[in-house]
Amino acid sequence: MSYKQFREIVYGQEGEFDLKEIIFHQICFISAIALSIGLLLSINIRQWDLVLVILGTQLVLILSYWFSRVMGNFKVGWFIFMITSYALFAFNYFLNSGINGTTTVLSFMTLSMLFATTQSKQHWFWTVIHGIVFSGLLLYEYNFGREYIVSYESEELRYIDTVFSYLLTLGLFFLVFRLIRQAYEMQRQKVEDQKVELQQNQKELQESYKELTKVLSIIAHDVRNPLASIESYLELARDGAIPEEDRMELKGELLKMVQNTSHMLDDMVNWSKSKIAGNQANFHLVSLGSWLNQTVEHLRGMAKAKGILFKDDYNGQEKVFCDPILMTVVIRNLLQNAIKFTASGKEIALKVRSSKNAVLFTVQDQGLGISAEKQKNLFSGRTESVPGTQQERGSGFGLLIVKEYVDLHQGRISVESSPGKGSTFTVSIPFMPH
């Protein structure tokens, strides 16, 4: 058992008890242990009255500790402690030679314990009460003499009692102020941690605001424009203002607009889901073809409509441990980008191979390519969306989503590209993510 575990068991945890309650438990526990030394000393010098006082004090400390720590009733434990402390304080005055004894020293020990276990606004009240009790005992001795006050049997006993009381009070002062200092440091550290957390939250909020602004600008511009074009086409078609030979061409252009807009909305929906609900993966051992074939065939049609040759090379029966929904988004985004940035008459390719510990997905194109500078922030979501070879628009979130989904698979994504020479994206997915 570590010291920290021992402290939590004996004194209580911070989440379970208030700080003043933990300090109270420490005072009760340590004081009861320390008084055992005084008990042995009192027995050795045959001060039986003092033995009874110490035993009574230990009993009160144990009872107060039990009510507060074990029963969880701090008020009852503290009330017992407070009442009996003053009673024992008075007994000690009469049993230990009054003003000539150690009561003066021990009185400060009692006051420090009260200060440590009460709120600061109550300290003045206990200071007044303490002054009244101590002054009352002094006035009694001054007015009525020492008839009922027991004196030390020898100077040796007085010195022994004085040294022990001084050391006990000094130890308690050290304990109380050390606990207060620790509490201050803990609170200061909490404030620092909260400050850092607040700054981090503020930074994340600013980033979210920028991303939200970006999404709204995309919706305001790139989604509204295709809708406006469709609206204009329908109005002209309704009025019979479009020649028959132009209709097929316009329909093809509108279809491309709708497809591009649909892809942008898919990216924004996936990005929004990840921000709102958090990314979660549902892994299965599935064949490649069960989720990849449909995506490949759909995008093959898109590539053909743009005049691009789409080559694929993979074994649809091969098993992969992955989330098929997330991996569909990954491959679809990479292939859409390949089609978007590749001119008519050129090629794109998808290859899937198995290495020693992973499955490698490679998407290669003969497109515009990416500069080394832009590659640095390619997966951060901070790059501006670039129009495709036929002015296709994008959301700018596609590769950010790809990176997040690959990370969920504990995989890696890399890119090799240079302007004018095309790009090759490689996604590595381990056979069995942890």
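**Note on ring pairs and helix packing**

1. Trp291 is buried, at a relative accessible area of 6%; buried stands for under 20%, exposed for over 50% and partly exposed for what lies in between, using a 1.4 Å probe and protein chains only. Phe361 is also buried, with a relative accessible area of 1%.

2. The model is predicted: local features need pLDDT of at least 70, side-chain atom pairs count only at pLDDT 80 or more, and totals for chains, interfaces and linings use all residues. Numbering starts from 1 along each chain as its sequence is written, and side-chain values use heavy atoms, with hydrogens and water left out.

3. Aromatic pairs number 13. The rule takes rings of Phe, Tyr and Trp (its six-membered ring) with centres within 6.5 Å; planes under 30 degrees apart are stacked, over 60 edge-to-face, and the rest tilted. Phe125 and Trp126 make an edge-to-face pair, 5.1 Å centre to centre with 75° between the planes. Of these two, Phe125 is partly exposed at a relative accessible area of 38%, whereas Trp126 is buried at 8%.

4. Trp291 and Phe361 form a tilted pair, with 6.1 Å between centres and 50° between the planes. Trp291 belongs to helix 9 (residues 288–305) and Phe361 to strand 5 (residues 358–365), so the pair ties together parts 70 residues apart in sequence. Helices (H or I, at least four residues) and strands (E, at least two) are DSSP runs, numbered from the N terminus.

5. Trp78, Trp124, Phe125 and Trp126 are linked into a cluster by ring pairs.

6. Helix 4 (residues 74–95) packs against helix 5 (residues 103–116) at about 175°, with the axes 10 Å apart. Because of this angle, helix 4 is roughly antiparallel to helix 5 (over 145 degrees; under 35 is roughly parallel, 65 to 115 roughly perpendicular, the rest oblique). Axes are lines fitted to C-alpha atoms, for helices over the stretch in contact, and angles run from 0 to 180 degrees between N-to-C directions.

7. The charged end of Arg300 sits over the ring of Phe310, 5.2 Å from its centre; the criterion is NZ of Lys or CZ of Arg within 6 Å of the ring centre and within 35 degrees of the ring normal.

8. Ile22, in helix 2 (residues 19–44), is buried at 11% relative accessibility. Leaving aside neighbours within four places in sequence, Ile22 contacts Tyr11, Gly12, Gln13, Glu14 and Phe17.

Technical notes:
Contact means heavy atoms within 4.5 Å.
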